[in-house]
Amino acid sequence: MPVILITGASSGLGLAFLQHYIAQPNTSIIALDVVPLPPSPSSHQNIQFHHADITSAISLFSISQELQSTPIDTLIHSAGIRGLVPETVEHNTGDVSAAETIHVMNRETMMRALEVNTGMPKVIVMASRMGSISSNLGGSAYAYRASKAALNAVVKSFSVDVPEVVFLLLHPGRVETGLVGWKEEGAMTVKESLGDMLKVIESVDRDGGKGWSGKFVDRFGEEIGW
(Lines give C-alpha, C1' and ligand atoms only; values in the text may rest on other atoms or scores of the structure.)
Protein backbone atom coordinates (compact mmCIF):
# COMPACT_ATOMS: atom_id res chain seq x y z
CA MET A 1 0.00 0.00 0.00
CA PRO A 2 1.55 3.36 -1.04
CA VAL A 3 2.24 5.72 1.85
CA ILE A 4 2.02 9.45 1.13
CA LEU A 5 3.14 12.09 3.63
CA ILE A 6 1.68 15.58 3.19
CA THR A 7 2.81 18.63 5.14
CA GLY A 8 0.53 21.63 5.51
CA ALA A 9 -2.33 19.17 5.07
CA SER A 10 -5.02 21.19 6.84
CA SER A 11 -5.45 23.94 4.27
CA GLY A 12 -4.63 25.25 0.81
CA LEU A 13 -2.76 23.00 -1.59
CA GLY A 14 -1.87 20.54 1.16
CA LEU A 15 -5.55 19.94 1.88
CA ALA A 16 -6.28 19.64 -1.84
CA PHE A 17 -3.61 16.94 -2.19
CA LEU A 18 -5.01 15.22 0.89
CA GLN A 19 -8.56 15.20 -0.49
CA HIS A 20 -7.30 13.81 -3.78
CA TYR A 21 -5.31 10.96 -2.28
CA ILE A 22 -7.93 9.87 0.26
CA ALA A 23 -10.12 9.04 -2.73
CA GLN A 24 -7.44 6.71 -4.11
CA PRO A 25 -7.89 3.03 -3.23
CA ASN A 26 -5.34 1.27 -1.04
CA THR A 27 -3.49 4.45 -0.13
CA SER A 28 -2.27 5.36 3.34
CA ILE A 29 -1.82 9.04 4.15
CA ILE A 30 0.23 10.68 6.88
CA ALA A 31 -0.89 14.28 7.36
CA LEU A 32 1.26 16.85 9.17
CA ASP A 33 0.18 20.30 10.26
CA VAL A 34 0.19 22.60 13.26
CA VAL A 35 -3.58 23.01 12.75
CA PRO A 36 -6.02 20.06 13.05
CA LEU A 37 -7.55 18.65 9.88
CA PRO A 38 -11.07 19.74 8.89
CA PRO A 39 -13.79 17.31 10.09
CA SER A 40 -14.47 15.60 6.76
CA PRO A 41 -10.95 14.40 5.85
CA SER A 42 -10.06 13.56 9.45
CA SER A 43 -12.84 10.97 9.58
CA HIS A 44 -11.20 8.75 6.95
CA GLN A 45 -9.58 5.62 8.33
CA ASN A 46 -6.62 5.74 5.94
CA ILE A 47 -5.39 9.07 7.36
CA GLN A 48 -2.91 9.32 10.21
CA PHE A 49 -2.67 12.89 11.51
CA HIS A 50 0.35 14.22 13.41
CA HIS A 51 0.46 17.63 15.02
CA ALA A 52 3.80 19.02 13.88
CA ASP A 53 5.48 22.40 13.98
CA ILE A 54 7.62 22.27 10.87
CA THR A 55 9.64 25.28 12.02
CA SER A 56 10.86 23.19 14.97
CA ALA A 57 13.70 20.72 14.44
CA ILE A 58 12.72 19.02 17.71
CA SER A 59 9.14 18.52 16.54
CA LEU A 60 10.26 17.13 13.19
CA PHE A 61 12.81 14.80 14.75
CA SER A 62 10.10 13.47 17.05
CA ILE A 63 7.83 12.80 14.06
CA SER A 64 10.65 11.08 12.16
CA GLN A 65 11.22 8.77 15.12
CA GLU A 66 7.53 7.89 15.20
CA LEU A 67 7.60 7.12 11.49
CA GLN A 68 10.96 5.35 11.49
CA SER A 69 9.43 1.97 10.68
CA THR A 70 7.07 3.41 8.04
CA PRO A 71 8.60 3.66 4.56
CA ILE A 72 7.32 6.80 2.83
CA ASP A 73 6.68 6.46 -0.89
CA THR A 74 5.91 10.12 -1.58
CA LEU A 75 6.50 13.26 0.46
CA ILE A 76 4.52 16.30 -0.70
CA HIS A 77 5.87 19.35 1.07
CA SER A 78 3.36 22.18 0.84
CA ALA A 79 3.50 23.85 4.25
CA GLY A 80 4.49 27.50 4.18
CA ILE A 81 3.48 31.13 4.33
CA ARG A 82 3.14 33.76 1.64
CA GLY A 83 6.00 36.22 1.70
CA LEU A 84 4.46 38.75 -0.68
CA VAL A 85 2.33 41.56 0.67
CA PRO A 86 0.67 44.58 -0.97
CA GLU A 87 2.54 47.87 -0.77
CA THR A 88 -0.14 49.16 1.58
CA VAL A 89 0.80 46.56 4.19
CA GLU A 90 3.47 47.84 6.56
CA HIS A 91 6.82 46.05 6.31
CA ASN A 92 7.48 43.84 9.30
CA THR A 93 10.91 42.31 9.94
CA GLY A 94 9.17 39.48 11.76
CA ASP A 95 7.50 38.52 8.48
CA VAL A 96 10.91 38.39 6.80
CA SER A 97 12.24 36.07 9.49
CA ALA A 98 9.16 33.85 9.27
CA ALA A 99 9.42 33.60 5.50
CA GLU A 100 13.08 32.63 5.64
CA THR A 101 12.47 30.08 8.38
CA ILE A 102 9.46 28.37 6.87
CA HIS A 103 10.48 28.41 3.22
CA VAL A 104 14.03 27.16 3.72
CA MET A 105 14.98 25.70 7.07
CA ASN A 106 11.82 23.70 7.64
CA ARG A 107 12.17 21.93 4.30
CA GLU A 108 15.81 21.08 4.89
CA THR A 109 15.05 19.91 8.43
CA MET A 110 12.03 17.94 7.24
CA MET A 111 13.91 16.10 4.53
CA ARG A 112 16.89 15.37 6.79
CA ALA A 113 14.58 14.14 9.55
CA LEU A 114 12.94 11.69 7.16
CA GLU A 115 16.16 10.47 5.54
CA VAL A 116 15.98 7.53 7.95
CA ASN A 117 12.95 6.33 5.98
CA THR A 118 14.86 4.86 3.07
CA GLY A 119 11.67 3.71 1.41
CA MET A 120 10.93 7.28 0.29
CA PRO A 121 11.55 7.45 -3.46
CA LYS A 122 9.91 10.78 -4.26
CA VAL A 123 9.88 14.25 -2.66
CA ILE A 124 7.68 16.92 -4.26
CA VAL A 125 8.36 20.39 -2.89
CA MET A 126 6.03 23.30 -3.57
CA ALA A 127 8.33 25.97 -4.96
CA SER A 128 7.82 29.35 -6.61
CA ARG A 129 8.87 31.04 -9.82
CA MET A 130 9.77 33.94 -7.52
CA GLY A 131 12.83 31.89 -6.59
CA SER A 132 14.11 32.06 -10.16
CA ILE A 133 16.86 34.66 -10.44
CA SER A 134 16.84 34.54 -14.23
CA SER A 135 13.08 35.25 -14.28
CA ASN A 136 13.23 38.22 -11.94
CA LEU A 137 12.16 41.14 -14.09
CA GLY A 138 9.97 42.88 -11.53
CA GLY A 139 12.26 43.33 -8.53
CA SER A 140 10.93 43.84 -4.96
CA ALA A 141 9.77 41.00 -2.65
CA TYR A 142 13.35 40.63 -1.42
CA ALA A 143 12.81 38.24 1.49
CA TYR A 144 10.40 36.02 -0.40
CA ARG A 145 12.59 35.80 -3.50
CA ALA A 146 15.69 35.11 -1.41
CA SER A 147 14.02 32.39 0.64
CA LYS A 148 12.63 30.68 -2.45
CA ALA A 149 16.00 30.83 -4.25
CA ALA A 150 17.61 29.32 -1.14
CA LEU A 151 14.96 26.59 -1.14
CA ASN A 152 15.89 25.76 -4.73
CA ALA A 153 19.55 25.43 -3.74
CA VAL A 154 18.71 23.17 -0.78
CA VAL A 155 16.50 20.80 -2.79
CA LYS A 156 18.95 20.70 -5.71
CA SER A 157 21.72 19.70 -3.29
CA PHE A 158 19.55 16.95 -1.86
CA SER A 159 19.04 15.58 -5.38
CA VAL A 160 22.82 15.31 -5.72
CA ASP A 161 23.54 13.97 -2.23
CA VAL A 162 20.66 11.46 -2.14
CA PRO A 163 20.45 10.13 -5.72
CA GLU A 164 18.22 7.21 -4.78
CA VAL A 165 15.38 9.66 -4.07
CA VAL A 166 13.67 11.85 -6.68
CA PHE A 167 13.52 15.50 -5.57
CA LEU A 168 11.31 17.81 -7.62
CA LEU A 169 10.67 21.54 -7.16
CA LEU A 170 7.14 22.20 -8.43
CA HIS A 171 5.72 25.69 -8.93
CA PRO A 172 1.91 25.52 -8.56
CA GLY A 173 1.27 28.92 -10.12
CA ARG A 174 -0.42 31.85 -8.42
CA VAL A 175 -3.07 30.10 -6.37
CA GLU A 176 -5.75 31.34 -3.98
CA THR A 177 -4.74 29.21 -1.00
CA GLY A 178 -5.80 31.38 1.93
CA LEU A 179 -2.20 32.16 2.87
CA VAL A 180 -2.97 35.83 2.39
CA GLY A 181 -5.92 37.87 3.59
CA TRP A 182 -6.79 39.46 0.26
CA LYS A 183 -7.76 38.40 -3.24
CA GLU A 184 -4.77 38.26 -5.58
CA GLU A 185 -5.33 39.48 -9.11
CA GLY A 186 -5.06 36.68 -11.66
CA ALA A 187 -4.91 33.91 -9.05
CA MET A 188 -6.31 30.52 -10.04
CA THR A 189 -8.29 28.12 -7.90
CA VAL A 190 -6.62 25.38 -5.88
CA LYS A 191 -8.53 22.79 -7.93
CA GLU A 192 -7.18 24.12 -11.22
CA SER A 193 -3.58 24.10 -10.01
CA LEU A 194 -3.93 20.68 -8.40
CA GLY A 195 -5.19 19.06 -11.59
CA ASP A 196 -2.14 20.22 -13.54
CA MET A 197 0.34 19.27 -10.81
CA LEU A 198 -1.09 15.78 -10.48
CA LYS A 199 -0.38 15.23 -14.18
CA VAL A 200 3.26 16.17 -13.56
CA ILE A 201 3.50 13.82 -10.57
CA GLU A 202 1.92 11.05 -12.64
CA SER A 203 4.57 11.66 -15.31
CA VAL A 204 7.30 11.32 -12.68
CA ASP A 205 5.78 8.00 -11.58
CA ARG A 206 5.35 6.79 -15.14
CA ASP A 207 8.99 7.59 -15.96
CA GLY A 208 10.21 5.97 -12.76
CA GLY A 209 11.63 9.36 -11.78
CA LYS A 210 14.20 9.19 -14.57
CA GLY A 211 15.28 12.65 -15.67
CA TRP A 212 13.14 14.47 -13.10
CA SER A 213 15.25 14.69 -9.96
CA GLY A 214 16.75 18.09 -9.21
CA LYS A 215 14.50 19.90 -11.67
CA PHE A 216 12.54 23.11 -11.10
CA VAL A 217 9.31 22.99 -13.12
CA ASP A 218 5.95 24.70 -13.40
CA ARG A 219 2.60 22.99 -13.02
CA PHE A 220 2.75 21.86 -16.65
CA GLY A 221 6.13 20.17 -16.19
CA GLU A 222 8.03 22.85 -18.11
CA GLU A 223 11.43 23.72 -16.67
CA ILE A 224 11.94 27.11 -15.02
CA GLY A 225 15.35 28.78 -15.23
CA TRP A 226 17.35 29.03 -12.03
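Predicted model: local features only at pLDDT ≥ 70, side-chain atom pairs only at ≥ 80, totals over all residues.
Residues are numbered from 1 along each chain as its sequence is written, and side-chain values use heavy atoms, with hydrogens and water left out.

The protein chain comprises six helices and seven strands, assigned as DSSP runs numbered from the N terminus (helices, H or I, at least four residues; strands, E, at least two). Along the sequence these elements follow the pattern β-α-β-α-β-α-β-α-β-α-β-α-β. Of the 226 residues in the chain, 48% are buried; buried denotes a relative accessible area under 20%, exposed over 50%, and partly exposed in between (1.4 Å probe, protein chains only). Among contacts (heavy atoms within 4.5 Å) with a separation of 6 or more, 64% join residues 24 or more positions apart.

Helix 6 covers residues 190-206, and its end C-alpha atoms are 24 Å apart, in agreement with the 24 Å that its 17 residues should span at 1.5 Å a residue. The expected span is 1.5 Å times one less than the number of residues. Buried positions of helix 6 include Val190, Leu194, Met197, Leu198, Val200, Ile201 and Val204. The cover over the buried residues of this helix includes helix 1 (12-22), strand 5, strand 6 and strand 7 (215-218). Glycine 208, which follows helix 6, has a positive phi near 65°.

Histidine 171 is located in strand 6 (residues 166-171) and is buried, with a relative accessible area of 11%. Beyond its neighbours within four places in sequence, histidine 171 contacts Ala127, Ser128, Arg129, Phe216, Val217, Asp218, Arg219 and Ile224. Isoleucine 133, by contrast, is exposed, with a relative accessible area of 66%. Isoleucine 133 occupies the loop between strand 5 (122-126) and helix 5 (142-161), and its C-alpha atom is separated by 5.9 Å from that of tryptophan 226, 93 residues apart along the chain.

Lysine 215 lies over the face of tryptophan 212, at 5.9 Å from the ring centre; the criterion requires NZ of Lys or CZ of Arg within 6 Å of the ring centre and within 35 degrees of the ring normal.
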